[in-house]
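Q: I would like to learn how to read secondary structure, sheets and helix packing from a model. Can we work through an example?

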Amino acid sequence: MAQSKAFVDTTILAEVLLKTGPSHEAAEKALRLYDQTLLPVFAIKEWKRGQFNTYVLIHNYLKRTGSFSATNIALSRLFMRRRLQSTAFEALGLVSLNLPSAPMAIVSDPELADRFRLAFKTLIYSSWESRRSVTSDTVMDLECYVESGPRDQINGEIDNRPRDCKGEQECCLAKQLRKDKDALIKLRDAIPPSGKTEDTRRREALKKLAVHPNSRFERKDCQALGDAYFALFAPTDADILTTNIKDHLPLAIALGKKAVSP
Amino acid sequence: MTTLPTRLMDSKLTRSETTPAELVDSNTTSFASPPETKPIMFSREATFTGSTSLAEFKGQGGTGAKPISIDVLYQAREAGSRNFNRAIELLGLASESLSEARDAIGDNDRVACASELMRFEQLLQPLFECREIGDGFANVINTIHIAIANRNGEPLTDVQINTLWRIVRTLLNGPFLNFSESLVFVRDLSKVGLGLNNSFFQEWASESSTVGTEQSVR
C-alpha cells in the first residue's frame, strides 16, 4: 500500500511553531494524518523572513526601549496598524497576562516589557530549534541559502541574519525551474487577476523564467515565487498541505496536484 | 486597585527568621551557599588614574569604548548581590511550599496542598523582581508565572507540582542559568502542560504581520 505524503508549506510551519489555539491544533492533527510529511527548506526560509522575523523585531524593540508602552507605540507606527489605541492595547496586555499574585497596579511598564521580551525570546529560540522536527522529513536544501539560526548580540538584541539567500549568485532553483516551461506557463495563467501586488509579482517571476530564460533569476524573483514554489516542487503523489488553500488550490490544480487545508 | 508595599509583601512571605540555607527542605542533597559579599575595593584615586589612562588610550586611536565608572559598577554589583540573596531566600521558601504540597498530596489532603500552592504562587512576583541576576533565571520564573496564569484557576496536577518542585530545587542550587539552559526547563514545563500558550503574544505579533519583509530587524 502506498504511503500517504504531505508537502508542507510555510503557513503550516508557522501555525505549528508560533501559534496556539484551534488552528494550531488543527495543523498538528493534519500532519499526523500522513505517513510521511515533507518540509522543503524553502518553507523554512520564507518563515524566517516572515513571521519569525516579526517576533525577532518585537523582541529587539522591547530590549532596546525597555518599555512595553514605547514598543507598542513604535510597532503601531512601524506597521501602520489600524488599531492605534496603544493604551487600550496595553491594558489588554496586562489583562491577558492575568498573573496570579501580581495586581495590575504593581506590574510596571519595564517589568511588562521584560516579561514579554522573555516570552518572545523563548518562542524565537524554541521554534527555531523545533523547525526540523515539525515534519517527518526536511527536504530540498537550497544551495544558495544558509540555514543559520538567531544569535544573541552583546547588547541583548537578537541577530536574525541571514534572512535571505546569497544575493551575489543566481537563484539555485532557476536551472531546475526552466526545464519545465509548460508548467511555468500553466501556473502563470492560473494566478487569478486579483490585483494583489503578491500575485502580480508572482506572475512576472514565472514569466521571466518561461519567456526570458537567459535573464538572471534573482533573489527577489525567487521570493516572488512564493506559493508557486510548492505547486512546482511538490511530488506528484503528495498533497500540498496549507492553511492558505485559496491561493494554493488554483496553482495545484493547474499542475494536476492536490492542495489540502487542515 | 491598591498596591501592596514591598515591605508588607516581604513580611507576608517570610515564615521565620531563618537563614536561606536553613529554608531548604530536608530532601535537598546539596546547596550552593551564596558567596560572601566582599565588594571589590577601588580607591577614588585609582578610578581617576584609570579613567585618565583610558582617555589617553582613546586619544591614541583606541577602541573609543566608554570607561565604566566605578560607582556604576559597584552599584550594579551591590544590586546583583541583593537580588541574589533575595532570590535564594525566595527559592528556599518556594521549595519548601512545593515540598509541603507534595507531602499533602501523599496524605490526600487537598486543602493543605492548595494552601501551599497559593503560598508558592505569591512568591512568583517577588521572584521575578530579582530578574537582574540573569535572563535564564528570569525566563524560568516568567514561564512558570504565565503558565499558572493560563490555567485560569484550575488546580495544578500532581505531575505539574512535581515538575515545579524539581525545577525550583534545581534553580536553588544554581540560579545563574544562561538562556539556553533555561529553555530545558521551559520544555520540561511545556511537557506537563505548563507552557507559555498565551494568545496575546500571538495576537500582538499578528497585528504586526503586515510588516514589510524589507524591514530591518537591527
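This is a predicted model: local features need pLDDT of at least 70, side-chain atom pairs count only at pLDDT 80 or more; totals for chains, interfaces and linings use all residues.

Q: How many helices and strands does chain A have?
A: Helices (H or I, at least four residues) and strands (E, at least two) are DSSP runs, numbered from the N terminus. Chain A has 13 helices and seven strands.

Q: What share of chain A is buried?
A: A residue is buried if 20 or more other C-beta atoms, placed from the backbone, lie within 10 Å of its own; with 12 or fewer it is exposed, and in between partly exposed. Of the 262 residues in chain A, 42% are buried.

Q: What is the strand order of the open sheet in chain A?
A: Two strands pair if DSSP finds at least two bridges between them. The open sheet has five strands in the order 3-2-1-6-7, with parallel pairing. Strand 3 (137-139) and strand 7 (258-260) of chain A are the edges, each pairing on one side only.

Q: Which bridges hold strand 1 of chain A to strand 6 and strand 2?
A: Strand 1 (residues 5-8) and strand 6 (residues 238-241) of chain A pair in the parallel sense over four bridges. There, A:Ala6 has A:Asp239 as its bridge partner. Strand 1 also runs parallel to strand 2 (residues 36-40) of chain A, joined by three bridges. A:Lys5 stands opposite A:Gln36 of strand 2.

Q: At what angle do helix 3 and helix 4 of chain A pack?
A: Axes are lines fitted to C-alpha atoms, for helices over the stretch in contact, and angles run from 0 to 180 degrees between N-to-C directions. Helix 3 (residues 41-49) and helix 4 (residues 51-65) of chain A pack at about 30 degrees, with axes 3 Å apart. They are therefore roughly parallel (under 35 degrees; over 145 is roughly antiparallel, 65 to 115 roughly perpendicular, the rest oblique). A:Trp47, A:Lys48 and A:Arg49 of helix 3 meet A:Gln51, A:Phe52 and A:Asn53 of helix 4, contact being C-beta atoms, placed from the backbone, within 7 Å.

Q: How far does helix 7 of chain B reach?
A: The expected span is 1.5 Å times one less than the number of residues. Helix 7 (residues 158-173) of chain B has 16 residues and reaches 23 Å from first C-alpha to last, close to the expected 22 Å. Its buried residues include B:Trp165 and B:Arg169.

Note on methods: Residues are numbered from 1 along each chain as its sequence is written. Chains are lettered from A and ligands numbered from 1 in the order in which they are written. Two residues are in contact if their C-beta atoms, placed from the backbone, lie within 7 Å.
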